[in-house]
2 protein chains.
Amino acid sequence: MTNIKTVFVTGGAGYIGSHCVLSLLEAGYDVVAIDNFANSVGQEKAASLDRVCQITGKEVIFYKCDLLDIQQLDEIFNKHKFDCVIHFAAMKSVGESMKQPLIYYKNNIIGAMNLLEVMALHKCYQLVFSSSCTVYGNPAFLPITEDHPIGNVTNVYGRTKYFIEEILKDTVNSDQKWNIISLRYFNPVGAHSSGLIGEDPTTNFSNLMPYIAQVALGKKTSLSIYGEDYATSDGTGIRDYVHVMDLAEGHVAALKKIQSNKVDLKVYNLGSGQGTSVLEFVKTFEKVTGVKVPYTIEARREGDIESMYANCDLAKKDLGWTAKYNLEDMCRDFWKWQTMNPNGYKKSETTTKNGKTNSH
Amino acid sequence: MTNIKTVFVTGGAGYIGSHCVLSLLEAGYDVVAIDNFANSVGQEKAASLDRVCQITGKEVIFYKCDLLDIQQLDEIFNKHKFDCVIHFAAMKSVGESMKQPLIYYKNNIIGAMNLLEVMALHKCYQLVFSSSCTVYGNPAFLPITEDHPIGNVTNVYGRTKYFIEEILKDTVNSDQKWNIISLRYFNPVGAHSSGLIGEDPTTNFSNLMPYIAQVALGKKTSLSIYGEDYATSDGTGIRDYVHVMDLAEGHVAALKKIQSNKVDLKVYNLGSGQGTSVLEFVKTFEKVTGVKVPYTIEARREGDIESMYANCDLAKKDLGWTAKYNLEDMCRDFWKWQTMNPNGYKKSETTTKNGKTNSH
């Protein structure tokens, strides 16, 4: 039994982080969040969290902080008493990670290790960690359960998640004071139903949903689908898409689990449990939005996995969590966010003649 | 073709490092070495390297430096031009690593990453890395070849070596300028034939050879052998012991390989290729030294591997390297070192009455 009141959220201004902060506030937790804006270059303030406060009518304490700056991190822990940490902060582009492995290893691994070090120093032993289904590598069986072998990872980004999971395991084994839940996300999409927060990739991205939206908005001419000759129903790759608000609720469920049980280290898949092909996704998007998404079929990309979807029975049993939203919800909510904010959080910014940017 | 003149050696004052520096000097390389004395607490100067200079009549430039201090490391790279790096520096106690995983991950992983970062900054892309047969975990087949699966590692120390190997692989994949050879050591024992340098563990150790020597010297009453019911010839565990001077020569062979070929990333086992049981080891030690080693049989230790020995054909083929010394040589040379230096490098130190330590 651990009474959890104040939650420290790293990467709190990011896509999943901001939606999770919203759910935490609504569930009555106090939130202190940090972000280094690594995935939203040039940002200085957390526009996403301003919106979260607007939606919830509650406050978030926010610091711009990089986890590599262990001193600033320590100072933040000196200022507040945290009952639990949710660790989202990470560099997350698969393609970029292959080109800049040292930068990915440094940011993700050292970031996580600094966080663990400062947590132990301040006797905060409760952690929920953002892991990923990429730790499973190429699936040996489907749907994937948590006891599927991990480590045969096909990219550097996933390897950073896998290494951190191993470090967490060793940490818990060495000191029973720790309570850690690692959540392996499948493919998060969608946005909060208000349309006020959503995914706002400012660097190159290859995730399906933002790509489709760019085509639907006319910013790109057509969607590239890589491979139509996979051994799937329609030949295109199959993934498990999960609504970001379902994910956010999964974190609240994990906190409640830690609150009521000594968990040591537990790992849960968070997915919809449904496999959806790229073509099915596109068709659902077109149906929900009424917008046509032209696409071209390209050759398979090296390293792409044919089919991947989760068995989420364990999260249901242990956390009482299941995904509530379906693919239509994901498309509708994402489209609402995208049409309300065609330039993401830069929507309300205009460039004046002398080049200055004003916020309205 | 890379002309290698000056070699930077991390962990150069350690057991394997000092023997390797000796071989490098004898092969005509200039050596700059660093050490943080993590494995020889309280030391401020590299007694082992003083002895190496005494044996070879050559000079070594030495800095006390911790790889976690990336600024000092960068300053050393500013002062010298290195053609290749040999990276020995690491915390290495299996038992300790399970109790202090974060300290092991921090030292070994961040140390290696800082080194890679500074090397790239100074355009030094040649590296020989100290890996270990622990990366293989519990052997799926014997003798172990380099293509045996890795990653199913049974302890944190081994996991740090495995993670670094993966990081090296990704680093070479991302930038073809790198030339990296990873050497997977089996069980290094013995000492230089002069008896002037050898293994001097100052923290708790569980390695067989130093333990036997302590018993032979009468400092411990008996050797504990863990398990006599393994499926081996005499029931005790089997390992592949390799003379430390053979290992040292393996590094020179690796340098020569890098000098003459673009290697990208290559991995080689360095072992004798012979499996030796604990009891065989003890009997050989008794025969060579004429000293009795009393032992007791204890229960198996959790996580201990039954049998492990190398196939070293690849090192022979690619590097022209094979182990030259046999088990008797290892016992003889180690015993010479141990009897000449019963207190290791502290041998020549006496404590005066006012508690000060004088070096003679």
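Which residues in α7(B) meet which residues in α9(B)? Keep that question for the second stop; the model on screen is a predicted one, and the tour begins with its two chains.

**Stop 1: both chains**

Colour chain A and chain B separately. The same surface serves both copies, since 100% of the contact residues of chain A recur in chain B.

**Stop 2: α7 and α9 of chain B**

Hide chain A for now. Select residues 208–216 of chain B, which form helix α7, and residues 278–289 of chain B, which form helix α9. Their axes come within 11 Å and cross at roughly 45°. α7(B) and α9(B) are therefore oblique to each other, and their crossing is right-handed.

Now show side chains to settle the opening question. From α7(B), the residues are B:L208, B:M209, B:I212, B:A213 and B:A216. Across from them, α9(B) brings B:V278, B:F281, B:V282 and B:F285. By class, the residues of this contact are nine nonpolar, no polar and no charged.

**Stop 3: α1 and α8 of chain B**

Stay in chain B and select helix α1 (residues 15–26) together with helix α8 (residues 244–260). The axes of these two helices are 8 Å apart, and the packing angle is about 55°. α1(B) and α8(B) are therefore oblique to each other. The crossing of α1(B) with α8(B) is right-handed.

On the α1(B) side, pick B:Y15, B:I16, B:H19, B:C20, B:L22, B:S23 and B:L24. On the α8(B) side, pick B:V244, B:M245, B:L247, B:A248, B:E249, B:H251, B:V252 and B:L255. The contact of α1(B) with α8(B) divides into eleven nonpolar residues, three polar and one charged.

**Stop 4: where the chains meet**

Bring chain A back. How many residues of chain A are in contact with chain B? The count is 20 residues of chain A, against 20 residues of chain B. About 1900 Å² is buried between chain A and chain B, and carbon and sulfur atoms give 68% of that area. Highlight A:L102, A:M113 and A:D170: these supply 29% of the area that chain A buries against chain B, more than any other three residues.

Next select helix α5 (residues 101–121) in chain A and helix α5 (residues 101–121) in chain B. The two helices pack at about 150°, their axes 11 Å apart. That makes α5(A) roughly antiparallel to α5(B). The crossing of α5(A) and α5(B) is left-handed.

From α5(A), the contact takes in A:L102, A:Y105, A:K106, A:I110, A:M113, A:L116 and A:E117. From α5(B), the contact takes in B:L102, B:Y105, B:K106, B:I110, B:M113, B:L116 and B:E117. By class, the contact of α5(A) with α5(B) has ten nonpolar, no polar and four charged residues.

**Stop 5: backbone details in the loops**

Switch to a backbone view. Most residues other than glycine have a negative phi, and most peptide bonds are trans. The remaining selections depart from these patterns.

- Select A:L142 and A:P143, which are joined by a cis peptide bond with omega about -10°. A:P143 is in the loop between β5 (126–132) and α6 (156–174) of chain A.
- Select B:L142 and B:P143: the peptide bond from B:L142 to B:P143 is cis, with omega near -10°. B:P143 lies in the loop between β5 (126–132) and α6 (156–174) of chain B.
- Finish at A:F37, where phi is near 55°, a positive value in a residue other than glycine. Look for A:F37 in the loop between β2 (30–35) and α2 (47–56) of chain A.

Terms used
Residues are numbered from 1 along each chain as its sequence is written. Chains are lettered from A and ligands numbered from 1 in the order in which they are written. This is a predicted model: local features need pLDDT of at least 70, side-chain atom pairs count only at pLDDT 80 or more; totals for chains, interfaces and linings use all residues. Side-chain values use heavy atoms; hydrogens and water are left out. Axes are lines fitted to C-alpha atoms, for helices over the stretch in contact, and angles run from 0 to 180 degrees between N-to-C directions. Helices (H or I, at least four residues) and strands (E, at least two) are DSSP runs, numbered from the N terminus. Angles under 35 degrees count as roughly parallel, over 145 as roughly antiparallel, 65 to 115 as roughly perpendicular and the rest as oblique. A crossing is left-handed if the near helix is turned anticlockwise from the far one by less than a right angle, and right-handed if clockwise. Contact means heavy atoms within 4.5 Å. Ala, Val, Leu, Ile, Met, Phe, Trp, Tyr, Cys and Pro count as nonpolar, Asp, Glu, Lys and Arg as charged, and the others, Gly among them, as polar. Buried area is the accessible area (1.4 Å probe) that two parts lose on being put together, summed over both.
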